[in-house]
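Subject: Structure for your review

Dear colleague,

I am passing on the structure we discussed, together with some notes on what was found in it. Please read the notes with the structure open beside them.

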Amino acid sequence: MPLRIGLLGLFHESNTFAVHPTGREEFEQYEWLEGGAIVDAKRGSHNEAGGMLKVLEAEPGVEVVPLLYAAALPAGRITAEAERHLWSAAERAIAEAGALDGVLALPHGAAVGETEADFDGWWLARLRQVVGPSVPIVATLDPHANVSARMVAAVDGLVAYQTNPHVDQREVGRRAAELLLRTLRGECCPEVAYCSPSLIINIERQSTAALPISRWLSYGTDLFQEIGVLSTSLILGYPYADVAEMGSGVVVVADRRKASAESLAKAWAAKLWSERVETLPELMSIENAIHEASKLSGTIGLLDMGDNIGGGSYGDQTALTHQLMNSEVRPFFVNLADPKAFVSIGKAGEGATVDLHIGGRHEPEHCGKPMRIEGVVEVISDGRWVDDQPRHGGRVNYDEGPLAVVRCRDRSVVQVSQRAIFPVSAGQMTHVTLEPQSFRAIVLKGVHAPIAAYRDTIDHLVRVNSPGPTSAGLEDRHYQHRRRPMYPFELNTAWSQDRSALQNF
């Protein structure tokens, strides 16, 4: 009999400071795949599901059992109705699938529901209850996770991406599938340990190519060479979720017959703690960022951190663009999500001249009011393109919904879309015949994710601490549920490993 391996993903990054909730329709409209549709959509992709399928489909005596994959664009909390709908669909798929020998689970690690604050821990625990204690479960994580004790207790392995921007998801999926198969064959007996110092790494400091993160990953690589170590993962943490488990840490998976995952995780976490001062950010205001950009030559990528769509912001914030319009840093490109404005543009049609107020629909007093745009509608597109290179998120086929290109008198372009477009592929511009290097500045609504797509077409990157639900200044937020004390909120925080947030199962 073949080994029957289930694939189940409920994937969301929930920003509890954002005002737009994530409902059932957001999952169904963004990515809702059942059964064989999962294989059709994910085979050949650069994300973790693609890596899992690559291993499983090449393995004799293994049957892939695709269950459900549901994902939504990062936004506010998952509504109670969506929570129930997601798990009901997952449970139904498991029941219809029959007996499973193992499960590969694909949570994000930072999903927050209206009723289940630890949504990923909740559904993984439910999955464990359904399949029973003897069926191994290996799960992948985005490193922007807030790992809970329930997550760790529910699984036999946790493997997180190692890169930010996330361009190694396929490799992580491969590693997770191989760990599950080794476990089923009795080649290893995994245990998972998670150790979280009283620390959160500021989002501005979370590039895996820069210090201190690159050094901390090297520590994990060294641990991976130890006898019996099966996987090591650095968890960057997700500061935009006000939950008890919010924080950074490390995951070690070890063969319990050969090594202690707990002691290794403690040792690695201690290194993070001893170097915590390096996580303090260097934040640049909008005014200073534009001044800096004005002194640079070539094309400048302005990373609009307060409107980071991949962190759950709205994609319609105008605070940065308003000031850009009044500067010499032009022509510029910006995408603004505004369904109402798009309808007006669509009625006008290509070639028409429009005079509209665009963007600024969410929190206008804080994040920028609607911006008046006068220009010619050059292109109206269905928002579909193909990018076969590894990008943050691992997609190949993009379907971002209808959008329009409005060219202003100074040659600047405002791209107006029906929904927020996470700028992880330069195809967002090139599919409507816009060349990134023809602009003086490109507003990128992200922090690290857009870099993988634009590093070859822009000359300079400037991170801008703009206002919004994803601004990098942690002191701008009122947390109710986080651990206290916690660095850097309380700079004099003391951390003892004996009282660390460590779970070992």
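Which residues line the second largest cavity? In this predicted model, the lining is made up of I309, F333, N335, I421, P423, Q428, I442, V443, L444, K445 and Y454. Two elements, β11 (332-337) and β18 (441-444), each give two or more residues to this lining, and β18 gives the most, with three residues. By class, the lining of the second largest cavity divides into eight nonpolar residues, two polar and one charged, and the space that lies within the second largest cavity is about 60 Å³.

That cavity belongs to a set of three of 30 Å³ or more that the structure holds. The largest cavity contains about 520 Å³ of space, and of the 34 residues that line the largest cavity, F11, D142, H392, G393 and F422 are the closest to its centre. The lining of the largest cavity comprises 15 nonpolar, 13 polar and six charged residues.

Turning to the open sites, the largest pocket has a volume of about 460 Å³, and its lining consists of 19 residues, with H20, E26, L73, R419 and A420 lying nearest the centre. Helix α1 (residues 24-30) gives the most to the lining of the largest pocket, namely three residues, and by class this lining has nine nonpolar, six polar and four charged residues.

The second largest pocket holds about 400 Å³ of space, and of the 19 residues lining the second largest pocket, those closest to its centre are E31, R395, N397, Y398 and D399. Here α1, β2 (31-34), α2 (36-42) and β15 (397-399) each supply at least two residues of the lining, and the lining of the second largest pocket divides by class into five nonpolar, six polar and eight charged residues.

Two helix pairs were also examined. Two packed helices are described by the angle between their axes together with the distance between the axes.

For helix α4 (residues 80-97) and helix α5 (residues 119-131), the axes come within 11 Å and cross at roughly 25°. Because angles under 35 degrees count as roughly parallel, α4 is described as roughly parallel to α5. The crossing in which α4 passes α5 is right-handed. On the α4 side the contact involves E83, L86, W87, E91 and I94, which meet F119, W122, W123, R126, L127 and V130 of α5; the residues of this contact divide into eight nonpolar, no polar and three charged.

For helix α3 (residues 48-58) and helix α7 (residues 169-184), the axes lie 6 Å apart and the helices pack at an angle of about 45°. The helices α3 and α7 are therefore oblique to each other, and their crossing is right-handed. By class, the contact of α3 with α7 has six nonpolar, four polar and five charged residues.

With best regards

Definitions and conventions. Residues numbered from 1 in each chain as written. Predicted model: local features only at pLDDT ≥ 70, side-chain atom pairs only at ≥ 80, totals over all residues. Heavy atoms only, no water. Axes fitted to C-alpha atoms, helices over the stretch in contact; angles between N-to-C directions. Helix = DSSP H or I, 4+ residues; strand = E, 2+ residues; numbered from the N terminus. Parallel < 35°, antiparallel > 145°, perpendicular 65-115°, else oblique. Left-handed = near helix turned anticlockwise from the far one by under 90°. Contact = heavy atoms within 4.5 Å. Nonpolar A, V, L, I, M, F, W, Y, C, P; charged D, E, K, R; others polar. 1 Å grid on protein atoms, 1.4 Å probe; cavity = no way out; pocket = protein on both sides within 12 Å on 5 of 7 lines; lining within 4 Å. Points joined across faces, edges and corners; volume = space filled by probe spheres on them.
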